[in-house]
Amino acid sequence: MKQKSDCNDTLRQKGGEVNAWSVTWGVLMAMLFSAAAAYLGLKVGQVFEAAIPIAIIAVGVSAAAKRSNALRENVIIQSIGACSGAVVAGAIFTLPAIYILQAKYPEMSADFLKIFIASLLGGVLGILFLIPFRRYFVEAPQEQYPFPEATATTQVLKSGDSASGQSQAKPLLIAGLVGGLYDFIVATFGWWNENVTSRMIPFGDDVAEKTKLVFKNNTGAAVLGLGYIIGFRYALIITLGSLFVWWLVVPAMALIFSGDVLNQWNPAITTAVGDMSPEQIFTSYGKSIGIGAIAMAGIIGIIKSWGVIKSAVGLATKAGETSGETANNESKADLPFKFIAISATLTIIITFLFFWFGVMDGNLLFAAVAIILTAVIAFLFTTVAANAIAIVGSNPVSGMTLMTLILASVVMVAVGLKGTGGMVAALIMGGVVCTALSMAGSFITDLKIGYWCGTEPRKQETWKFLGTLVSAATVGGVMMLLNETYGFASGALAAPQANAMAAVIDPLMNGVGAPWPLYALGAVIAIILTLCKVPALAFALGMFIPMELNVPLLIGGAVSWYVTTRSKDAEVNKARGEKGNLIASGFIAGGALMGVISALLRFGGIQFDYAEWWQNPLSEWCSLAAYILLIAYFIRTIKK
């Protein structure tokens with residue numbers, strides 16, 4: 001491959017990539033993008049991978065500083081900084097559920113230390129479990145594992161050797177300012193509504209009341225950019241899942257069961273279906289169907305990847321036997337297998353002690369069962385996560401974690417751990433597993449980039465631990481800030497995956513009947529989708545995440561399709577697509593970071609009251625006008 005040989009030639013130049021410049025910028029990127037990814041993930045339920053925007057920033061600052069060894073340093077900056085998305089996904093998909101359940105069970109406790117330790121230990125386990133499998137995935141031909149994100153990031157890093165590096169950083173920065181200012185105005189001053197709904201016209205309000213049909217769209221810049229990055233096809237599948245629940249399941253339930261209280265389907269419900277709003281029907285019934293579909297999609301992913309798991313384990317065993325043979329080959333030198341084995345054992349022991357004394361209140365049996373479940377599941381699912389990233393660039397970590405939580409809850413109840421203590425324990429276990437799987441998927445991308453660029457793997461592997469430490473501390477602080485500012489149980493932040501975890505774990509740990517019929521229906525839907533060759537996890541996520549956060553993904557994906565198909569020249573379309581990635585990344589990073597700043601202002605007591613204005617339909621019309629202008633700017637900038 002040409003990009004590999006080009007990078008290798010550059011990296012053979014004299015100079016070390018690990019220095020004060022690369023480490024400092026890597027740590028800074030880990031902090032900034034951990035905060036941004038945490039905010040966006042809790043708001044939308046999708047964590048953007050930070051590899052590309054970090055690579056662009058690294059190239060830009062290196063070009064501005066006229067660094068002579070830019071490519072080597074930028075690989076390390078990107079590798080350390082990319083820990084942000086991995087650790088954030090593991091933390092926010094599970095641990096906010098503790099705060100959510102606190103609203104119902106005040107005796108439950110969550111603190112910074114528990115969140116930080118669970119995220120850190122999970123990230124470290126993910127790194128250590130993945131390293132033995134590096135050769136299986138990284139050295140395979142690109143036809144087998146295309147690594148879409150690694151391919152794009154490598155192209156960005158290569159640009160650092162030319163004047164184009166600075167030219168790429170400029171549109172990213174401008175887009176970050178535009179998207180950040182746009183979302184900051186909404187979140188802080190509320191000049192226009194954050195959503196456009198069909199209720200802004202009287203006819204739409206009547207339809208929502210009588211038929212339970214409603215349309216919603218979030219008009220934020222960050223969510224629009226996320227849709228562009230996801231792409232039209234994947235965004236369409238997610239949105240179809242959403243529309244399936246909102247426009248088919250919700251109205252059908254209202255029509256068929258209008259006067260019924262379906263507490264046999266959901267024991268917590270005491271209101272007749274006909275008396276509910278569309279949003280209440282979705283929350284009470286529709287989301288449970290999505291939970292069942294997500295869990296089954298995770299199971300299907302494991303079954304499909306079983307052959308990969310066996311093959312990767314076999315190669316990892318051989319790697320341990322021959323690790324000394326590649327010690328002098330910089331392009332293949334991993335950390336010593338003995339070091340990996342000892343470190344993994346020590347990490348598992350530390351995790352066990354954390355469970356024993358920090359989570360299980362000194363109960364040895366509970367801690368022993370918990371660590372066995374956590375270690376086995378994390379190890380087996382590591383290859384599933386890496387396989388998914390290597391093929392499609394998307395990690396089904398939420399489905400695998402949801403299945404882990406269900407399994408952990410059933411097992412822990414069987415050994416006697418129930419109630420709120422059991423909820424906290426299962427969620428901490430899930431946080432460790434989820435972070436490990438998320439880190440494994442993210443790290444395999446970094447290692448592929450390093451392989452194509454000739455970077456010594458053990459340097460990436462060594463400094464990945466620092467990035468994990470920084471990201472774990474940052475996400476713990478941001479999570480507590482956002483809970484204090486908005487409250488995860490308030491609905492101001494969707495936290496969809498964490499809400500799913502809370503909804504599943506509560507009945508399981510309290511002996512209350514769970515909505516198993518709805519879970520079963522979701523599982524059947526996932527099986528049918530798989531048989532029809534439709535990505536079940538994407539559809540299932542759409543079924544669970546609120547409509548207003550799914551529709552803008554489709555709009556962003558439609559912008560991507562539009563700008564990459566307008567010209568008859570394929571090279572022009574490709575260039576526009578790549579420029580669109582820059583603008584979209586700027587929207588995501590800028591909008592998410594300004595969301596965190598807005599939360600900090602609220603936390604400090606600086607808050608503007610615009611609730612009454614947002615009740616006025618005119619605020620939604622203003623939102624629609626601002627959104628159209630934002631999309632027009634997006635398209636015009638890409639095609640310029």
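Figure 1. The protein chain contains 27 helices and two strands (DSSP runs, H or I of at least four residues for helices and E of at least two for strands, numbered from the N terminus). This is a predicted model, in which local features need pLDDT of at least 70, side-chain atom pairs count only at pLDDT 80 or more, and totals for chains, interfaces and linings use all residues. Residues are numbered from 1 along each chain as its sequence is written, and side-chain values use heavy atoms, with hydrogens and water left out. Of the 640 residues, 60% count as buried (under 20% relative accessible area, 1.4 Å probe, protein chains only).

Figure 2. Ser242 lies in helix H13, which spans residues 232–256. Ser242 counts as buried because its relative accessibility is 1%. Beyond its neighbours within four places in sequence, Ser242 is in contact (heavy atoms within 4.5 Å) with Gly542, Met543, Ile545, Pro546, Met547 and Asn550.

**Figure 3. Packing of helices H20 and H25.** Helix H20 (residues 457–485) packs against helix H25 (residues 570–603) at an angle of about 55 degrees, and their axes are 9 Å apart (lines fitted to C-alpha atoms over the stretch in contact, with angles from 0 to 180 degrees between N-to-C directions). H20 is therefore oblique to H25; angles under 35 degrees count as roughly parallel, over 145 as roughly antiparallel, 65 to 115 as roughly perpendicular and the rest as oblique. Leu481, Leu482, Glu484 and Thr485 of H20 meet Ala599, Leu600, Arg602 and Phe603 of H25 in this contact.

How values were computed:
Buried < 20%, exposed > 50% of the residue type's maximum accessible area, 1.4 Å probe, protein only.
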